[in-house]
Amino acid sequence: MDLHEVQNATVRFLNDANTYLERIPGSSIAVRYIKSSYQNDPVRSAVELFLFLFAVRYLLAPKYSTQKKVHLTDAEIDELVEDWTPEPLVAVPTSFEELDNEKRPVIVGPTGPKSKLSNGRTVTNLASFNFYNFVANETLKEKAIQTLRTYGVGPCGPPGFYGTQDVHIKTEQDVAAHLGVPACIIYAQSFSTISSVIPSFCKRGDIIVADKAVNFPVRKGIQISRSTVRWYEHNDMEDLEKVLQRVIKEQAGKPLTRRFIITEGLFENMGDVVDLPKLIELKLKHKFRLILDESWSYGVLGRTGRGVTEAQNVDATEVDMIVGSLSGSLCAAGGFCAGNEEVVEHQRISSASYTYSAALPALLSTTASETISLLQEQPEILTSLRERIEAMRAQLDPRSDWVKCTSSVDNPIMLLVLKDEVIAAKNFSIDDQNQILRDVVDECLANGVLITRLKPFPLGLGANPRDAGWQPVPALKVCITIGLTKKETEKAGVIIRHAITKIVSRRK
């Protein structure tokens, strides 16, 4: 076949192809587009042709896996399983912790001012947060039983789905009315309340200025938020102002970020109370938001148990977020965050603990509402508690040569630490102090009084003890209750004082 015949055959093929193409609906439009595109921009046509061919090839290519498959025999699989050692979920307990666990007393039956241990002994219980002895209140028991029969054990669903019940709405209204703020939201777990509130408002890039002595749930919330953290010395308002000024100077000229001050009302690890009026002054002056954790002050401080705001005569609406606990003194469970409507509604869709946890059981919500009403209607309950606190302090702080109380005068949780001169004279290390206080707890238990110790913050898995950061001072923890008479409280105080004297004096 010569060149002329090849050209004729090619022309016939193209003509036949064009004839068949014209029979396809819409083909004329595509041909016109290609011709005009080629005339105006031939490079574009070449790129489009390449992409078309690549797409066709990609669609027609066989499927393949990006992961290499390694086929193992059963013997090889068994060998790998035997060699594999899983990482522990928690750190291995120290010898001190193991010894602590062996000696830990176990209460059987209901917890009250007089509790029965698993060894059959009945002891005076000064290690629980049953400050008002609400666990023995028959009216509360009756209403809890009625609620249980009406609503069942639990809602079995998150509040945002079908877990919210009318008793939850009532508890939120009761707490908000008690504090004197527009709105409130309740959570099912006390620990996860503050640790969820903080990250729902504080994000990466935001600034948090926090007291060094804040409790463990607050620290977890700060950690989860991934915000930039600046610490100030415990309850030192002068140092706080210096830190605030430093933050403002560092942020000058940078994009505006959210800035928060986070502290406690009544400090769990120190026992003292925040200077709230000065704190409000500083947060307004430097334009920070304030998150106040009142887990240990709500239900305890103030004439009707409203907390630090009532005790120090501060309008609760001046605090951006008040976080508190419904367990402990209120004898229920869960926690709350109170503030304005925007603060509360934001948490209903952005707070992990509220969104993804089952709602608070109805009987506990009812119990919280009832105990709040009791504190408001019977303020003499708080007066009785403060009388017991005064009776216990009279036996310990001024009369003991070895320990001092760091707690506020109205704090029912008395923290007793070794005096500085005692530590210096006997050259006690932190481990020595912990060992001495554990021996004191054992001695008190042997004499029929159950108390406990303030525990250090747990270290993260694999963390070096040198990187632990701030840790609370070793202390005895004595929890006062009105379930004991004044005379019984004084007797328990004498036993504790004598136990301290016996254990410390024999250490050289």
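Hi everyone, let's start with a helix pair: helix 19 passes helix 20 in a right-handed crossing, meaning that the near helix is turned clockwise from the far one by less than a right angle. Helices here are DSSP runs of H or I with at least four residues, strands are E runs of at least two, and both are numbered from the N terminus. This is a predicted model, where local features need pLDDT of at least 70, side-chain atom pairs need 80 or more, and totals for chains, interfaces and linings use all residues. Residues are numbered from 1 along each chain as its sequence is written, and side-chain values use heavy atoms, without hydrogens and water.

Back to our pair. The axes of helix 19 (residues 430-446) and helix 20 (residues 486-505) come within 9 Å and cross at roughly 135°.

Now look at His178, in helix 8 (residues 166-179). Is His178 buried or exposed? It is buried, at 3% relative accessibility, where buried means under 20% and exposed over 50%, with a 1.4 Å probe and protein chains only. Its side chain reaches the backbone oxygen of Thr304 at 3.1 Å.

Last stop: Val123, in strand 3 (residues 122-125). The C-alpha atoms of Val123 and Leu450 are separated by 6.4 Å, though 327 residues apart along the chain.

How values were computed
Axes are lines fitted to C-alpha atoms, for helices over the stretch in contact, and angles run from 0 to 180 degrees between N-to-C directions. A polar contact is a pair of N or O atoms within 3.5 Å; within protein, one must be able to donate a hydrogen and the other to accept it, and residues adjacent in sequence count only if both atoms are side-chain atoms.
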